[in-house]
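I opened this notebook to record what I looked up in one model.

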Amino acid sequence: MTDDERVIFSGGRPMTLSADPGKRVYGERLVNVSGKEYREWSPNRSKLSAYLCLGGVQFPFSRDTCVLYLGAASGTTASHISDVAIDGTVYCVELSHRTFRDLVRVCETRSNMVPLLGDASAPEDYRFAVENVDVVYQDVAQKGQTDILINNMECFSARYGMISVKARSEDVTANPEKIFKKACERFADRGLKIIDFLSLERYEKAHAMIVVEMMP
């Protein structure tokens with residue numbers, strides 16, 4: 001739970017204090033808690049919620065955090081981060097034109113969300129629109145996922161990175177555990193400290209969340 005209760009847990013599920021009261025992003029339940037509207041954060045629709053529900057302890061988001069979200073899709077998870085980082089900025093990078101249109105609609109009523117059409121593997125293409133950030137959060141289905149995260153962290157001077165590693169996107173035939181181990185080794189090789197690792201298998205097959213910190 002954050003200090004100002006922008007994230008709370010109810011019935012084992014996280015909820016975020018809505019930055020856009022009265023509106024649903026993906027059909028989520030709206031809950032009144034002590035006169036404040038919270039949005040239920042479904043672990044079946046968000047890997048970050050799944051991570052929290054499974055006992056993940058690293059949550060580098062606060063009221064004034066600036067975030068670069070790679071693979072924002074239609075804005076489901078990004079909108080919850082936007083609820084938390086109400087005084088920060090959530091830069092949302094998405095490659096698919098069709099999905100980007102849905103993302104733009106979410107961003108229209110959330111002033112701290114910035115939609116960017118682009119390829120997460122080419123941070124130089126959107127560098128002009130993004131200031132340095134505190135956290136890079138990544139959920140992309142591309143090969144070389146670890147290097148994409150690291151390159152963006154270096155480009156935007158981020159201290160923390162969170163990545164939902166999709167084993168099947170790296171090698172559909174390989175044992176997921178080997179993919180996860182290789183990802184951890186790659187982070188270490190490039191000088192990042194792994195501060196949490198958690199399988200998301202209960203909610204997402206062949207996925208794991210890895211949280212890293214850039215060492216000084």
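The entries below take the pockets and then the helix pair.

Entry 1, basis. I worked from a predicted model, in which local features need pLDDT of at least 70 and side-chain atom pairs count only at pLDDT 80 or more, while totals for chains, interfaces and linings use all residues. Residues are numbered from 1 along each chain as its sequence is written, and side-chain values use heavy atoms, with hydrogens and water left out.

I took a pocket as an open set of points on a 1 Å grid over the protein atoms alone, with protein on both sides within 12 Å along at least five of seven lines; lining residues have an atom within 4 Å of a point. I noted a volume of about 230 Å³ for the largest pocket, a volume being the space filled by probe spheres set on the points. Its lining includes Gly-144, Val-165, Glu-170 and Lys-182. Helix H4 (145–155) and helix H6 (176–189) each give two or more residues to this lining; helices are DSSP runs (H or I) of at least four residues, numbered from the N terminus. H6 supplies the largest share, six residues.

Of its 14 lining residues, Arg-45, Ala-73, Thr-76, Thr-77 and Asp-139 lie nearest the centre.

How do H4 and H6 pack? I recorded an angle of about 30°, with the axes 9 Å apart; axes are lines fitted to C-alpha atoms over the stretch in contact, and angles run from 0 to 180 degrees between N-to-C directions. H4 and H6 are therefore roughly parallel to each other (angles under 35 degrees).

Technical notes: On a 1 Å grid over the protein atoms alone, a cavity is a set of points where a 1.4 Å probe fits but cannot get out, and a pocket is an open set with protein on both sides within 12 Å along at least five of seven lines; lining residues have an atom within 4 Å of a point. Angles under 35 degrees count as roughly parallel, over 145 as roughly antiparallel, 65 to 115 as roughly perpendicular and the rest as oblique.
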